[in-house]
Number of protein chains: 2
Amino acid sequence: MAEVNAALSNPRADIEALDMLERTLFSLNYALDEIGSLGSIIDPPKATAGRSEALAELERARVLALCDPDVGDVLKRLAATPELLSDVRNAQVRVLTRDRDALVRIPAEEQAEFTKLTCEAEEVWRRAKSANDWASFAPYLDRIVAARKSMAASRDPERDPYDVWLDDYEPGCDRAFYDRFFAQVKDCVVPLLADCMASPSKPKHTYMEGDYDVERQWALARDLIDIEGLDTQALWLGRTEHPFTGGPSSGFVIIASHAYENDVLSNVFSILHEGGHALYEQNVDPVYRMTSLKGGTSMGMHEAQSRFFENLVGRSEAFSEPLHAALMKHFPGRLSRVTPRQLYFSENSAEPGLIRTEADELTYPLHILVRYEIEQLLFSGEATAADVPRLWAEKYRAYLGVSVPDDTHGALQDTHWACGDFGYFPTYALGSAYGAQLKAAMVASGVDFDGACARADLAPIRAWLHENVWRWGRAKDPAEIIEAACGEPFSPVYYTDYLTEKFSALYWLEA
Amino acid sequence: MAEVNAALSNPRADIEALDMLERTLFSLNYALDEIGSLGSIIDPPKATAGRSEALAELERARVLALCDPDVGDVLKRLAATPELLSDVRNAQVRVLTRDRDALVRIPAEEQAEFTKLTCEAEEVWRRAKSANDWASFAPYLDRIVAARKSMAASRDPERDPYDVWLDDYEPGCDRAFYDRFFAQVKDCVVPLLADCMASPSKPKHTYMEGDYDVERQWALARDLIDIEGLDTQALWLGRTEHPFTGGPSSGFVIIASHAYENDVLSNVFSILHEGGHALYEQNVDPVYRMTSLKGGTSMGMHEAQSRFFENLVGRSEAFSEPLHAALMKHFPGRLSRVTPRQLYFSENSAEPGLIRTEADELTYPLHILVRYEIEQLLFSGEATAADVPRLWAEKYRAYLGVSVPDDTHGALQDTHWACGDFGYFPTYALGSAYGAQLKAAMVASGVDFDGACARADLAPIRAWLHENVWRWGRAKDPAEIIEAACGEPFSPVYYTDYLTEKFSALYWLEA
């Protein structure tokens, strides 16, 4: 039999089949990304039905292309002869095999129905959020959880369904991993937050209050995009309710954000955050451009980049000087009596609040913890969508000490569940921890991090991240990237040390 | 053999295969239309390479789906058993068979290369037009003509290649048809234009000259869209150099136009023109929504709708009153001394000029004639791209009496050739003639056309076009639509009568 198979194999034909598959996947992913990303920004209301049908069909075509039995055979044969392939093609075979394995057991129709369901649910969620109407969204949430559990069971009936999705967003991570990770973070953040709240010396956060013209905020956003170092020849900036980044290609990255008249810093940090995602997408090695190796390697590593520029750079004391100058340029009258240090205080006042995307660095992981726990309950069947508003209120009171006034400011605030993204939230907290470890390694390697921030010349920071993270795309797994970049495996201690140091100083805590 | 085939056929499975094909084509056409339409409006410069690759692959997938030999067998079997199918499915089989026949002889790779070539050529054309640089575009034009001839030869080696494309844009039309049509139009327009130019009483066209704020022009555009009766819940308005209409679905129609500070009427009539296309796309029977019957039946019938709203409505004396009111709303100071009748004169001064899209109704078909003749020369090999600027200058001097100062205002003004659209221009003139005949039938059926225009309540006009043209989508061919709507076959006499009557009155010509 082995001889017969060897006789049937034809490496050149297999490589051609691989290249053909990659072109097909590139074009379908391009269409899915552009149509999906722009949908919430520019499409008129009546576009929804046609768009969801089109996305479902394109997704079906993508799954069919990857699940084709011939493709499985080609990938198996190529995986058995790595010596015949370039490093790039070997990486493609590895990533495509993983992508295929994740799909091949889910019936194509089920996947297409799921895409259609979440496309509808996103519209329902949008209206529900604006009308504070949980009841209209709840049936969709239950249907999405049921669909996600059914899909996980098709993939691996032996495994806990939530573990399947945790692993999907971050290869190698499951509940056991995240339980440990969150325990360490909790051990640090809960007492630290308590100390901060009890401190008589708190950084005031009111300096920046007031109204800021929305169009000037967008002009400021364009300046921040330049400072961050994005390639504006490969960028489209849109306006939407919930900020996000999309990228049909490295030459066409879409970032969308919101500007609130009464909160100028919201858009500032959303732009820096989405800009970090966009830098990653734009800077993957061009040789991977039309392959499955394009884009970021995992959700956690993507969030590491976005939160790196939002927090480690954006909310640093060193960066408060150039950020203050950028704000002064667009709002000179309003800010003439605010100093850079007061701006730094405004950005970094740790204040338990309701909205995840507006949270400070210290309370942020607690927002994630609430979602992580509720997702577990929904997947275990201990809760249904009807229970979520109550659970949400209880957990926000317990961990953050705040009362949730309505679902618009509660469980309806994020789009993720409407999109079917369960197991995604935990990667946000993990990304922060990746980022802190990457920053420590960057500084250890000689990069003048604070100097770069103070000069608003982020080129040395970008160069290090480009070399160690961005250029690899999906050719390396996150654990490989961390280990090669930092010289040791992942450890959350850099994150907890960073938070302790920063917030102890801000709140004048005893050492 | 007949018995064997009958035994193999399974009508239910064939219908399922038809529906599956339609869903695949819908999603691919949706992606091609959205990515293609938005490309020139929102994409950043570096998006071009990735977009052209993605479009080429999606086009390849579309052609492969339609050219699949199994699809050919399914269509043949279904065409043989019309009694088993609904009217809609019979129409789908007829249209799909024609679409398939047009493609099946062209190798998929050649089609994909062509899409890529024209996508690149469009970018080159854009830069060439802005830099008045014919030389940079010329090699692309020669390559596109060669590709188009090669494709025509693959489709029908016996037939003149230009005839193949004329028929493609307007089923049933070839050079013989258009030679006769243009001869009749020429016989009317050339002496009529000469009489107008010689008349001592000319409508002055200078009343509207001056500068008009561009943002106010876009606010005016939105009012015109409302007056025209477009469904703004299914519309996206963009800004681009060369106006166009796209439509991923009837619920998502894209119109793009330009506003020039020194020419307020340019955007007015571009919006009315593209709005006519958009009305057609939005108002096809919803039952055809996700089938090949959606959208307009031909280029000529599409242009009939756009030029109907641009000229027969927009440039009518009756409509000058509400159009004047709309202009007054946005530019009150500037227009306080212009009367509706002076506006009507400004819109309808017949003046031989350089730019097709800015041409008046009377000279317009002469612009088309120039392009029709040059396309014939390029296809016959009597000319190459290098000859085009000279030919263009000669023909504009001969037919329109104008000197062409540069290629930006000459052969680089239109995007069509860069897109590979040869044989398309003639449908513009044919569309005007369709429109005049449809208007005559509408009035004969009792619609108070002038009253509707004067009241800016175009509902009766839309209702008649909806009933007789729009709702049919591609389920009827243009000749069928004209005959059913007008009670007689197509005749250009309504068009020449209309032009004669209108311009004789404007120029006080002897009867």
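## A strand enclosed on both faces

Strand β3 of chain B spans residues 252-257. Strands here are DSSP runs of E with at least two residues, and helices are runs of H or I with at least four, numbered from the N terminus. In β3(B), 6 of the 6 residues are buried, so the strand is largely enclosed by the rest of the structure. Buried means that 20 or more other C-beta atoms lie within 10 Å of the residue's own; 12 or fewer means exposed, anything in between means partly exposed, and C-beta atoms are placed from the backbone.

This is a predicted model: local features need pLDDT of at least 70, side-chain atom pairs count only at pLDDT 80 or more, and totals for chains, interfaces and linings use all residues. Residues are numbered from 1 along each chain as its sequence is written, while chains are lettered from A and ligands numbered from 1 in the order in which they are written.

In a regular strand the side chains alternate between the two faces of the sheet. Both faces of β3(B) are covered. One side holds B:Phe252, B:Ile254 and B:Ala256. The other holds B:Val253, B:Ile255 and B:Ser257.

## Partners of β3 in chain B

Two strands pair if DSSP finds at least two bridges between them. β1(B) and β3(B) run parallel, joined by 5 bridges. Within this sheet, B:Leu235 has B:Val253 of β3(B) as its bridge partner.

β2(B) runs antiparallel to β3(B), with 4 bridges between them. Here B:Ser249 is bridged to B:Phe252. A hairpin of 2 residues links β2(B) to β3(B).

## The sheet in chain A

Chain A has an open sheet of 3 strands in the order β1-β3-β2, with mixed pairing. β1 (235-239) and β2 (244-249) are the edge strands, each pairing on one side only. From one strand to the next, the twist averages 20°. In chain A, β1 and β3 (residues 252-257) run parallel and share 5 bridges. A:Gly238 stands opposite A:Ala256 of β3(A).

Helix α11 (residues 264-282) of chain A lies across β1, β2 and β3, at about 165° to β3(A). Angles run from 0 to 180 degrees between N-to-C directions, and axes are lines fitted to C-alpha atoms, for helices over the stretch in contact.

## Two helix pairs in chain A

Two packed helices are described by the angle between their axes and the distance between the axes. Helices α2 (residues 11-42) and α3 (residues 48-67) of chain A have axes that come within 10 Å and cross at roughly 155°. That makes α2(A) roughly antiparallel to α3(A). The cut-offs are under 35 degrees for roughly parallel, over 145 for roughly antiparallel, 65 to 115 for roughly perpendicular, and oblique for the rest. The crossing is left-handed: the near helix is turned anticlockwise from the far one by less than a right angle, whereas clockwise would be right-handed. Residues making the contact include A:Leu28 and A:Leu32 of α2(A) and A:Leu55 and A:Leu58 of α3(A). Residues are in contact if their C-beta atoms, placed from the backbone, lie within 7 Å. By class, this contact has 12 nonpolar, 4 polar and 3 charged residues. Nonpolar covers Ala, Val, Leu, Ile, Met, Phe, Trp, Tyr, Cys and Pro; charged covers Asp, Glu, Lys and Arg; the others, Gly among them, are polar.

Helices α16 (residues 364-380) and α18 (residues 425-444) of chain A pack at about 150°, with axes 8 Å apart. They are therefore roughly antiparallel. Their crossing is left-handed. Among the residues in contact are A:Tyr372 of α16(A) and A:Tyr428 of α18(A). The classes are 7 nonpolar, no polar and 1 charged.

## Two buried residues

A:Gly300 is part of helix α12 (residues 299-313) of chain A. A:Gly300 counts as buried because 26 C-beta neighbours lie inside 10 Å. A:Tyr428 is 128 residues away in sequence, yet the two C-alpha atoms are 6.2 Å apart.

B:Phe345 sits in helix α15 (residues 340-348) of chain B. With 21 C-beta neighbours inside 10 Å, B:Phe345 is buried too. Beyond four places in sequence, B:Phe345 touches B:Pro203, B:Lys204, B:His205 and B:Tyr207.

## Where the chains meet

The contact takes 31 residues from chain B and 31 residues from chain A. On the chain B side, α2(B) gives the most, with 10 residues. That side divides into 18 nonpolar, 6 polar and 7 charged residues.

Note on methods. Contact = placed C-beta atoms within 7 Å.
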